[in-house]
Amino acid sequence: MNAHLQPTGSAYFIAKETQVAESHTLSVLVDNEPGVLARVIGLFSGRGYNIESLTVSETEHEAHLSRITVVTRGTPGVLEQIKSQLERIVPVHRVVDLTVRAKMLGQERPIEREVALVKVTGSGEMRAETLRLADAFHAKVVDATTEHFIFEITGKSSKVDQFVAIMKPLGLSEVCRTGIAAMNRGPQGM
């Protein structure tokens, strides 16, 4: 067996070469109790699945339910395996592949948004340019001194990526991102 074809321990190796890896957004409704997130994440790490983004928060206080939004990448077979294995974890109530559901509804992707805090330091002309570009991206100043700005930007991950890239030469010093929150269009719930 060639060295570059040896198993890596990752589930991605098992996939047929004809299948192309895709990025999918999964929404997982779980009991809001200690250890649930660790079990879900353990499933991903134990089987070599990658997590590109992860957010979790309580969504139904009365019912003690939380919603985990996971963006992961894999072939259709691997993604189906991830969904199937998530459904078998006891505190998981429902798993919805928002990417698949969006396509079923005739849409390219679900509605996905991310929030980021971006700190930019600088003085003089750079400060004016920083504010001009932030305004073009609809980024909001949430803190400022004579030496720095902290901006809040909300939008698709690609918009946040672009804003961060533009701020690098202007004195970008720190970025904190929330991860993706997502849901499908239309009146139907998860």
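## Basis of the model

Residues are numbered from 1 along each chain as its sequence is written, and side-chain values use heavy atoms, with hydrogens and water left out. Because the model is predicted, local features need pLDDT of at least 70 and side-chain atom pairs count only at pLDDT 80 or more, while totals for chains, interfaces and linings use all residues.

## Overall make-up

The protein has 5 helices and 9 strands. Both are DSSP runs, numbered from the N terminus: helices are H or I with at least four residues, strands are E with at least two. From the N terminus on, the order is β-α-β-β-α-β-α-β-α-β-β-α-β-β. Taken along the principal axes, the C-alpha atoms fill a box of roughly 55 × 55 × 35 Å.

Of the 190 residues, 37% are buried. Buried means under 20% relative accessible area, exposed means over 50%, and partly exposed lies in between (1.4 Å probe, protein chains only). A contact means heavy atoms within 4.5 Å. Among contacts with a separation of 6 or more, 73% join residues 24 or more positions apart.

Strand S3 spans residues 65-74. S3 is mostly covered, with 9 of its 10 residues buried. Two strands pair if DSSP finds at least two bridges between them. Strand S1 (residues 22-31) pairs with S3 in the antiparallel sense over 10 bridges. Here serine 23 has arginine 73 of S3 as its bridge partner.

S2 also pairs with S3 in the antiparallel sense, over 8 bridges. Threonine 55 stands opposite threonine 69 in S3. S2 and S3 form a hairpin with 4 residues between them.

## Two histidines with positive phi

Histidine 64 sits in the turn of that hairpin. Its phi is near 55°, a positive value in a residue other than glycine. Histidine 64 is partly exposed, at 48% relative accessible area.

Histidine 138 lies in the loop between helix H4 (125-136) and strand S6 (140-144). The phi of histidine 138 is near 60°, again positive in a residue other than glycine. Histidine 138 is exposed, with a relative accessible area of 65%.

## Aromatic pairs

The structure holds 4 aromatic pairs. In phenylalanine 151 and phenylalanine 163, the ring centres are 5.9 Å apart and the planes stand at 90°, so this pair is edge-to-face. Phenylalanine 151 belongs to strand S7 (residues 148-155) and phenylalanine 163 to helix H5 (residues 157-171), so the pair ties together parts 12 residues apart in sequence. Rings of Phe, Tyr and Trp (its six-membered ring) pair if their centres lie within 6.5 Å; planes under 30 degrees apart count as stacked, over 60 as edge-to-face and the rest as tilted.

Phenylalanine 151 is buried, with a relative accessible area of 0%. Phenylalanine 163 is buried too, at 0%. Ring pairs link Phe137, Phe149, Phe151 and Phe163 into a cluster.

## Arginine 94

Arginine 94 lies in strand S4 (residues 92-97). Arginine 94 counts as partly exposed because its relative accessibility is 40%. Leaving aside neighbours within four places in sequence, arginine 94 is in contact with Ser27, Val28, Leu29 and Met190. Glycine 77 is 17 residues from arginine 94 along the chain, and their C-alpha atoms are separated by 19 Å.
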